[in-house]
Amino acid sequence: MSRQETIDWLRLIRSENVGPVTFHALLRRFGTPATALDALPELATRGGRKKPIKICPRTVAEKELNRLEKLGGHALACGHAGYPALLAALDDAPPLLFVRGHPALLDQPAIALVGARNASANGRRMARTLAHELASEGLLVVSGLARGIDGAAHTGALGDGTLAGGTCAAMAGGVDVVYPPDHAQLYDELATRGVLISEMPVGTEPQARHFPRRNRLISGLSLGVVVVEAALKSGSLITARLAGEQGREVFAVPGSPLDPRAKGCNRLLRDGAVLVESTRDVLDGLRPLLRSDPHESPARGYLFGALGWETDMRTEGEMAGSEVTESELARARSEIAELLDPTPVAVDEVIRQCQLSPAIVTLVLLEMELAGRCERHPGNRVARRQDDIADAS
């Protein structure tokens with residue numbers, strides 16, 4: 001993809017009310033980000049927006065890309081060469097992934113390893129051992145650069161630099177922002193011998209709301225997620241839940257019922273996660289998804305077939321089957337707005353209840369999101385904004 005095209009992609013994803021799901025819907029509908037950018041004002045108006053939508057200026061996108069390139073970083077576009085195939089299969093895959101380090105590592109089959117920040121000595125040792133042995137088998141170990149289990153996983157997978165796999169840190173802030181600060185040395189080692197990824201603008205300081213998005217990157221990159229120590233209310237369990245929603249395997253290391261840090265893992269095991277006592281348990285769980293040679297990256301076609309993914313490349317117009325009249329769209333807008341409330345609901349359920357074509361529902365939701373009247377949630381769910389309901393009452 002040319003630098004000019006990358007800037008167009010960046011402008012679109014940085015424009016107001018355009019998230020990953022909306023970005024992909026716009027690209028399917030209009031073909032190119034440049035055409036979609038031109039269409040944003042009309043779509044937002046049709047969705048009920050009163051004031052002009054804010055479109056990212058070209059100068060702002062160019063400045064962001066210049067900062068990334070000055071770091072020696074790269075921007076990978078979803079569906080293009082170098083972008084991780086597993087991540088690209090998600091409905092909310094980041095349109096652009098910003099990378100420091102060695103992007104080629106992202107071609108490796110990956111396994112996520114996450115857990116408690118206040119991990120025990122035994123938990124950290126288990127994480128280092130698992131990560132080291134999984135990287136020795138040619139797997140890319142993915143984690144979040146946090147204290148505790150994450151740091152131990154990265155350290156174990158880095159090893160002495162001779163392991164067949166490697167390690168990847170998915171970051172909640174910009175790819176240049178070291179968080180936590182005491183992992184500065186580990187960050188430098190990852191930039192030198194591993195790979196760092198983020199979807200956030202360069203220079204972004206991580207905030208609480210960014211971490212769930214970061215967690216979906218960790219699980220989305222990976223064939224499975226291994227949890228080593230986690231409290232019942234923790235980000236690691238969010239990652240495990242996302243993994244289940246994404247069709248990934250979930251693994252957990254058991255722990256003492258007297259240790260609060262083990263309660264999350266024990267709950268996962270009770271709910272059907274694969275019990276992990278050694279690296280062999282993880283490899284056996286992944287074996288159906290890997291080629292016989294664990295040092296060889298999985299074939300994209302085989303991997304997608306094994307996980308039951310299919311990609312529908314038809315346009316929304318083709319899926320609708322015919323031209324949609326304005327009166328039909330007006331009725332659809334009214335029905336869909338009435339169905340939505342602040343509690344997220346699956347888009348498939350909206351389609352079922354209103355008995356409209358998927359293409360029409362997609363278009364109306366696209367208009368509403370650009371107008372700021374609804375918002376997307378994980379698991380292909382959508383909710384109406386509370387302030388929009390208040391304005392309508």
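Author: Helix 6 and helix 12 are oblique to each other. This is a predicted model.

Reader: At roughly what angle do the axes of helix 6 and helix 12 cross?

Author: Helix 6 covers residues 121-136 and helix 12 covers residues 279-286. Their axes come within 9 Å. The crossing is right-handed, and its angle is roughly 50°.

Reader: How do the residues of the contact of helix 6 with helix 12 divide by class?

Author: Helix 6 contributes Thr 129, Leu 130, Glu 133 and Leu 134, and helix 12 contributes Thr 279, Val 282 and Leu 283. By class, these residues are four nonpolar, two polar and one charged.

Reader: Which residues in helix 16 meet helix 15?

Author: The crossing of these two helices is right-handed. From helix 15 come Glu 335, Ile 336 and Leu 339. Their partners in helix 16 are Val 350, Gln 353 and Cys 354.

Reader: Is Ser 222 buried or exposed?

Author: Ser 222 sits in the loop between helix 9 and strand 7. Beyond its neighbours within four places in sequence, its contacts include Leu 86, Val 142 and Arg 248. A polar atom of the Ser 222 side chain lies 3.4 Å from the backbone nitrogen of Ala 112. Because its relative accessibility is 0%, Ser 222 counts as buried.

Definitions and conventions:
Residues numbered from 1 in each chain as written. Predicted model: local features only at pLDDT ≥ 70, side-chain atom pairs only at ≥ 80, totals over all residues. Heavy atoms only, no water. Left-handed = near helix turned anticlockwise from the far one by under 90°. Helix = DSSP H or I, 4+ residues; strand = E, 2+ residues; numbered from the N terminus. Contact = heavy atoms within 4.5 Å. Buried < 20%, exposed > 50% of the residue type's maximum accessible area, 1.4 Å probe, protein only. Polar contact = N/O pair within 3.5 Å; in protein donor to acceptor, adjacent residues only side chain to side chain. Axes fitted to C-alpha atoms, helices over the stretch in contact; angles between N-to-C directions. Parallel < 35°, antiparallel > 145°, perpendicular 65-115°, else oblique. Nonpolar A, V, L, I, M, F, W, Y, C, P; charged D, E, K, R; others polar.
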